[in-house]
Amino acid sequence: MSTATVPEPTVPGPANPGEDRLNLRGETLPRFVPPVVAAGSLVVALLIYLLTPMDSEIQIVLMAALIFVVAMTAISTRVEGRRRARDRFATTLVYGTFLLALIPLVAVLASVIGKGASRLDISFLTHSMNGIGARDSGGGIYHAIIGTVEQVLIASAIAVPFGLLVAIYLVEYGRGRISRTISFFVDVLTGLPSIIAGLFVLAFWILALGQGFSGFAGSLALVVLMIPTVVRSAEEMLKLVPNELREAGYALGVPKWRTILRVVVPTALPGIVTGVMLAVARVSGETAPVLLTVFGTNLINANPFSGEQSSLPLYIYSQAGQPQQFAIDRAWAAALVLIIIIMVLNLIARLFAGRNRLK
């Protein structure tokens, strides 16, 4: 008995494999559509800028972005369907907000570099303001750099080990009321205004104990501001370490403290370093606590434990308040140097964390 073979159904497809990609009526938009829509949005925004009383380049960018989002969503809905259109809309918003967040950062950097680079030279970095008035064109920030570096290093040497130990306690050992109390006070310190930290050190260390203005007093105020940032960032990074790593150490008979020291902390080290650098960047630009505790001077004082000392934020504050153009130029150059110092510290910390990361 003979059996007839039933042919398998065939799905018709395009003769050319690339034809479906190049066809706007297909399921996916081709790659050239977003750049074309972006260029068209920019042209339309420029036309609106010329025909309306718009007077800012930022308005052109925002208008072009709005037109691009609306146009891409409409085209995607027509060609790809509502589901992919919503996905493309969300993706566009994510990239758009990222670029929007970069605008003030780039604007600040461009402004500081443009106004501070002309005054920045070797003489500015190697001289102080001793004997230099606001009307004089000379002077430098050597004394302020020494003060900033010493004050931040002392504050970091106190706040980083203390904050890391507190974070380890909260994650590894803390249970019950004591842990909740510590977390509550850390949250309170996180929102503490910087001037309150300066007033506390001024009232307790300088006025009550009679220690006088010094760079160390400024470091104590910066410690109060650094601790909550270090604690919270280190705590979150330690929580991200898988429990399996801890259990593996315990299964081998390794004590808990050694497991924390050799496994948990090295695993979370890159994130901890990032949190520490955030804290350093925050306190490096604080002016109010330094103004109340360091007081400032135009002389070079390399001893942070004796006598008044200067710092870059205090130098910028004092020079920017002068009406003379020479003083304002010095303030812009000092701001540029402060940004460079913070960037160099971040780079060094990243290299250190990368070399000491757990393999």
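**Surface patches and a positive-phi residue**

V61 is partly exposed, with a relative accessible area of 47%; here buried means under 20%, exposed over 50% and partly exposed in between (1.4 Å probe, protein chains only). This is a predicted model, in which local features need pLDDT of at least 70, side-chain atom pairs count only at pLDDT 80 or more, and totals for chains, interfaces and linings use all residues. Residues are numbered from 1 along each chain as its sequence is written, and side-chain values use heavy atoms, leaving out hydrogens and water.

**Nonpolar patch**

- V61 belongs to helix α3, and together with I58, L62, L100 and I103 forms a nonpolar patch on the surface with about 420 Å² of accessible area.
- Patch members have over 30% relative accessible area and no salt bridge, with nonpolar side chains (Val, Leu, Ile, Met, Phe, Trp, Tyr) joined within 5 Å and like charges within 9 Å.
- A salt bridge places a side-chain nitrogen of Lys or Arg within 4 Å of a carboxyl oxygen of Asp or Glu.
- Helices α3 (57-79) and α4 each supply at least two residues of this patch, and α3 gives the most, with three.
- Helices are DSSP runs (H or I, at least four residues), numbered from the N terminus.

**Positive patch**

- R82, R83, R84 and R86 gather on the surface in a patch of positive charge, the place of each Arg charge being taken as CZ.
- R86 lies in helix α4 (residues 82-116) and is exposed, with a relative accessible area of 56%.

**Backbone at F295**

- F295 is not a glycine, yet has a positive phi of about 80°.
- F295 lies in the loop between α12 (288-293) and α13 (312-320), and is partly exposed at 46% relative accessible area.

How values were computed:
Accessible areas come from the Shrake-Rupley method with a 1.4 Å probe; for residues, only the protein chains shown count as cover. Lys and Arg count as positive and Asp and Glu as negative; His and the chain ends are not counted.
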